[in-house]
Amino acid sequence: MYAYNDFDEAFVRERVAQFRGQVERRMDGSLSEDEFRPLRLMNGLYLQLHAYMLRVAVPYGTINPTQMRQLAHISETFDKGYGHFTTRQNIQFNWPKLRDVPDILEALADVEMHAIQTSGNTIRNVTADHFAGAAADEIEDPRPYAELIRQWSTDHPEFQFLPRKFKIAITGSPNDRAVTKAHDIGLRMVRSADGLPGFEVIVGGGLGRTPMVGKVIRGFLPTGDLLPYIEAIVSVWNLLGRRDNKYKARIKITVHEHGIDEIQRLVEERFAEIRPSYSGVDQDLLAEIKQHFASPVLAERSVDAFEAARRADPSFRSWSDTNLAAHRVDGFAIVTISLKKPGATPGDATAAQMRTMAKIAETFGYGELRISHEQNVILPHVHKADLPAVYEALREADLATANVGLIGDIIACPGMDYCALATARSIPVAQEIAERFEALKLDHEIGPLKIKISGCINACGHHHVGHIGILGLDRAGVENYQITLGGDGTEDMVIGDKTGPGFAYDEITGAIERIVLAYLGERLSPEETFIETYRRVGIAPFKAALYEQGETANAA
Amino acid sequence: MPSTFTPKVVTANDLLEGDVVWLTADDRWSRDMREAELIDDEAHADIRLLEAQSQRSVVVGAYLADARPGATGPEPVHFREMFRTRGPSNYAHGKQTGI
Ligand code: SF4
């Protein structure tokens with residue numbers, strides 16, 4: 001994977017030293033909170049409901065075992081022995097003390113990690129397909145491009161004071177696992193008519209208060225034009241973007257107000273100006289970065305042990321049915337480690353679990369680990385013959401939950417258990433739903449289903465694109481949960497439809513159960529998934545199940 | 001119009017620890033809401049808030065939160081303020097561990 005060069009190393013160390021001084025000046029009162037706040041945010045430090053929170057970037061979701069162990073160490077030394085993986089491929093520590101934060105940043109820098117620029121009106125941490133470099137359907141590994149964008153945008157003088165934050169997602173596969181249509185810029189790798197790799201460039205997507213599906217601004221961009229084209233987009237938006245109103249500042253609003261055709265015209269014009277100034281240095285850099293992402297040598301072996309274990313052990317079979325994805329190399333699999341044990345907090349891992357995952361990655365996974373935006377951890381390259389041993393090791397660490405892609409694999413933001421912006425809780429809602437369906441033993445019967453929960457309109461839990469989305473609101477001083485149905489976060493992104501009035505905290509699990517039972521009643525066959533049934537029958541039967549339950553019961 | 005004023009407490013987060021604190025009548029910051037000064041006069045509330053906000057090397061983000069008198073001291077009105085007296089619901093962390 002990518003290793004810091006001397007410049008990065010010096011830059012990160014200098015930032016830590018600066019921040020140490022700033023924290024000292026804050027503690028002795030010579031910096032006010034108004035002065036300190038932007039400084040701490042630039043270093044990933046937030047003040048939440050009960051404590052400070054430190055958000056650490058895991059660029060494009062890639063992390064190695066040494067780094068994972070260091071996160072475990074930090075969580076034990078400075079926090080409460082666990083970390084929370086987020087939908088932005090970050091890890092958050094929920095309980096750091098202000099005076100310890102410089103030491104935490106130092107410990108991160110020791111393993112080439114940092115918390116820089118995960119906040120503020122800058123280009124944020126680039127997210128990538130968590131199966132990057134391993135997926136069977138991949139054209140090219142997107143991470144070298146993500147890294148190129150990171151290096152180019154970090155401290156880029158023109159882009160430190162943008163109208164708002166700016167988020168980029170990238171996938172190397174035509175099948176989008178990085179929710180590219182919900183980002184300011186989405187890059188989806190495709191092939192041209194003559195087979196060359198390039199990007200479909202999507203602009204103006206976003207969730208939050210005004211959810212928008214991103215629009216294609218360039219159907220095919222040769223990979224060599226990537227940086228000048230992104231620069232053209234950001235620079236057009238930097239001029240047009242509304243700085244007068246923070247709710248109208250995101251590029252999705254700019255695209256909406258000016259129209260995609262006009263934005264496209266301006267971007268292409270700007271691109272034509274900028275393109276000649278790119279002398280090819282970026283391509284040399286890209287070639288160098290690519291070497292750091294070279295695939296490990298994946299040795300061929302027999303898969304007999306895997307097949308035998310599947311026959312012998314039903315729990316292993318069940319896990320391997322749900323938690324594996326197709327690898328580009330025969331005999332290998334991509335393993336998703338579920339951080340969604342029913343009743344647990346989605347995305348949380350204890351220090352011991354982090355160490356176990358690091359060890360497994362080292363022993364069986366060529367030292368590679370990924371964090372997914374669905375708040376799970378990925379072992380991208382595991383030979384199938386090693387899967388029984390991997391499964392055993394995961395089981396011992398309470399990490400062998402077999403539910404990836406099923407109803408219990410819920411995305412939930414921290415909500416009002418931690419987040420200062422929240423209007424309601426989301427974690428206990430996720431816990432209760434997962435436990436309810438665990439008790440009903442229905443999760444495999446229900447099949448693929450994505451529930452996504454946000455604790456406020458900012459939509460960090462991606463509720464708009466959940467097959468079932470749940471948004472926690474404050475209605476007259478009471479937690480209230482609004483449901484959306486039919487959302488889809490893939491390359492065919494759809495914003496879910498609101499069902500109607502929301503449900504109270506103690507009603508929401510029952511409401512979700514009625515929706516799921518309605519689906520089981522409506523589907524044509526067990527093969528028809530929830531989202532397929534929804535697209536076929538529409539919202540009516542689900543509304544009936546949600547709001548006409550009393551009448552139905554009387555009629556029956 | 002003191003009759004329409006909802007009683008308030010001054011609350012903030014501790015600068016160093018980040019945890020929730022309330023201003024007491026004798027000018028301490030307590031980690032227990034029941035020790036907070038319950039203020040039922042609007043003008044006095046504004047003054048207490050200004051005093052709190054001036055303590056910039058002690059607390060962060062002071063504000064007035066609705067409260068009501070309870071058997072053992074002021075109690076929260078809104079659920080957000082209730083969570084702030086307790087801690088998160090997914091782990092026994094935060095204030096609830098000391099209760
Ligand atoms: S969606 Fe709202 S409550 Fe949830 S993490 Fe984001 S800002 Fe916080």
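Author: Start with burial: a residue is buried under 20% relative accessible area, exposed over 50% and partly exposed in between, with a 1.4 Å probe and protein chains only. Helices (H or I, at least four residues) and strands (E, at least two) are DSSP runs, numbered from the N terminus. In helix α17 of chain A (residues 530-537), the buried residues are Phe530(A), Ile531(A), Thr533(A) and Tyr534(A). Down the axis of α17(A), they fall within an arc of 160 degrees, so they line one face of the helix; the arc is that of the directions from the helix axis to the C-beta atoms.

Reader: What should I know about the model and its numbering?

Author: This is a predicted model, where local features need pLDDT of at least 70 and side-chain atom pairs count only at pLDDT 80 or more, while totals for chains, interfaces and linings use all residues. Residues are numbered from 1 along each chain as its sequence is written, chains are lettered from A and ligands numbered from 1 in the order in which they are written, and side-chain values use heavy atoms, leaving out hydrogens and water.

Reader: What covers the buried residues of α17(A)?

Author: Contact means heavy atoms within 4.5 Å. The cover includes β18 (468-475), β19 (478-485), β20 (497-498), α16 (508-522) and α18 (540-547) of chain A. After α17(A) comes Gly538(A), with a positive phi near 80 degrees.

Reader: Which pattern does chain B follow along the sequence?

Author: Chain B reads β-β-β-α-β-β-α, with two helices and five strands. Of its 99 residues, 44% are buried.
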